Amino acid sequence: MRDQSFRGHVQNLEQQGELVRIEKPASPTENISAIGWKTYDQFGKSTLFTNIIGFPSWRIASQVITDRRKWAIGLGVSEDDVIPTVVQRIKEPLEPVLIAAKEAPVKDVILTGDDADLTKLPAMWTSENDPGPYIAAGMAVIKDPETGTRNMSYHRQQILGPDRSGFLICPRHALRTYQKYQALTQPMPVAMVIGVHPAILYAGGFTTRYGVDELSLAGGLLEDPVRLVKCETSDLEVPADAELIIEGEILPDEMTEEGPFGEVTGGYAEEGSTEVFVVKAITHRKDPIFYGMHSGAPMTDPQSITGTCIEAALFEHLAKVEGGMDLSDVRCLGVSGLMAVVIKIRPKSAGQAKTALMAALSSPYLHPKLAIAIDDDMDIANLNQIFWSLTTRVDAAKDISKINNTRIWSLDNVSDIVPGMSPMYRIGTKVAIDATKPWSTRLKNKARFDRAMPKNYYSVKIEDFLP
Ligand SMILES: Cc1cc2nc3c(=O)[nH]c(=O)nc-3n(C[C@H](O)[C@H](O)[C@H](O)COP(=O)(O)O)c2cc1C
Ligand SMILES: [Mn+2]
């Protein structure tokens, strides 16, 4: 079986020169967020903090899957193969296997009662205007009380005290399950999973049907069943190789004030109220590594996780439009706070890029409100070329389409909240921009919209001339 751990990924990142070790003392509530963010922004590297002020037995790793290179290392494929591999493997889920507690590294240390204390974890203060430290990286494993089917999804936790945190539940599968427990007036048992293999991190952000176990999807991505172990205080099962598990329950009838929180849009989600999580037990590995997940201004891991999920879903979705088109690649731009997607396409006929754009704005994910089509000769990973296409190949009257009054992603603060509904429900405008070459020039004047590259650009190698 392949390694399924977070620390294995951290080690691979370091071996491949993708990680910087920070050995000087640093504080999770004062500067670790800034150091990790700047290290990725300036050098494109992950960070491993080995000297944590106030938490001597912990290390913190951050920005571990922030781009395609890091996903490629995590999934063991080339960068170009990340999306096609995900699309294919996610269709072949593998049921997890249960292993004994004595073989499970996450049971190295078991804390219950007063020892199960959230304030003893090196939770990070992520964005400046957050009210305090959060655990942003936790994925909740829960079970449907009627069918017993498992679900896994991310839920941020604002630390409120030793045994209490906030727990944000947006209207998706976890909310549907929670409402079933509420109807029974029972608390919902939850196990928060922190610090796992990138395949499991990916599955936690992936949108699929209710009743599909995301841990089976993770098994498909790993090409091995995920090793699970029983919880101490509930009949839930969690990844045995995780760094940290927080067991607890969500109360059926209590809410708490929460936020503001620096969000994946890159701005703040307004303060509001969330459900309440009560801690029952904490288990972790020896020499644990805390996953100090960032949030807020791009680029951070949350943009990369959801963005990569959106890319795979769009790739699959667009493959079905018009019976399939010449689609080369898809990017969800993390730098746009997940609200812009770019599709690289070779249209087979006039109007086809626009059809593809409409599909991109109406897909399994609500996030994109701006979709841009670029031609097959452009580099989709290069914002310079995307912007060049937007001016030289776009006549706004013909190539920009607005679709008013459509559903908009809940976190897009600039779009109106539906009157009488919560901020989860917004309405606004989607925009499609066809920045492929004007169709007529495909037939004649072929060079008119080519990018004018230096003579012999493709054959001249500067290495031959540099000192
Ligand atoms: C890093 C990260 C943090 C997230 N935080 C939350 C959160 O706090 N609350 C929430 O409801 N969804 C959050 N999400 C979104 C859900 O985890 C995601 O949509 C997931 O696919 C939902 O699972 P479901 O399809 O089983 O409902 C987050 C996603 C990521 C990648
Ligand atoms: Mn689900």
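Author: In this predicted model, 12 residues of domain 1 are in contact with 12 residues of domain 2. On the domain 1 side of that contact, 6 residues are nonpolar, 4 are polar and 2 are charged. Domain 1 covers 6–301, and domain 2 covers 319–441. Their centres, taken over C-alpha atoms, are separated by 30 Å.

Now the core. The largest nonpolar core has 116 residues. Six of its members touch the most others: Val193, Ala203, Leu221, Val238, Val341 and Ile343. Helix α8, residues 301–318, is the top contributor, giving 7 residues. Both domain 1 and domain 2 supply residues to this core, so the core lies between them. In general, nonpolar side chains of soluble globular proteins tend to be buried together.

Take Ala203 from that list of core members. Leaving out residues up to four places away in sequence, Ala203 touches Met152, Glu214, Leu215, Leu217, Ala218 and Leu221. Leu221 is also among the core residues that touch the most other members.

Next, Val196. This residue sits in the loop between β11 (188–194) and α6 (198–205). Val196 counts as buried because 26 C-beta neighbours fall inside 10 Å, and the cut-off for buried is 20 or more. Its contacts, again without residues up to four places away in sequence, are Phe6, Leu201, Pro239 and Ala242. Gly113 is 83 residues from Val196 along the chain, and 25 Å separate their C-alpha atoms.

Back to the chain around α8. Met299 lies in the loop between β18 (289–291) and α8. The peptide bond from Pro298 to Met299 is cis, with omega near 0°. Glu322 is not a glycine, yet has a positive phi of about 55°. Glu322 counts as exposed because it has 12 C-beta neighbours inside 10 Å, and the exposed class takes in 12 or fewer.

Pro260 is found in the loop between β14 (244–258) and β15 (261–262). Asn445 lies in the segment after α12 (440–443). Its phi is positive, about 50°, although Asn445 is not a glycine. Asn445 is exposed, with 10 other C-beta atoms within 10 Å.

Terms used: Residues are numbered from 1 along each chain as its sequence is written. Chains are lettered from A and ligands numbered from 1 in the order in which they are written. This is a predicted model: local features need pLDDT of at least 70, side-chain atom pairs count only at pLDDT 80 or more; totals for chains, interfaces and linings use all residues. A nonpolar core is a set of buried Ala, Val, Leu, Ile, Met, Phe, Trp, Tyr and Cys residues joined through C-beta atoms within 7 Å. Helices (H or I, at least four residues) and strands (E, at least two) are DSSP runs, numbered from the N terminus. Domain bounds come from an automatic or database domain assignment. Two residues are in contact if their C-beta atoms, placed from the backbone, lie within 7 Å. Ala, Val, Leu, Ile, Met, Phe, Trp, Tyr, Cys and Pro count as nonpolar, Asp, Glu, Lys and Arg as charged, and the others, Gly among them, as polar.
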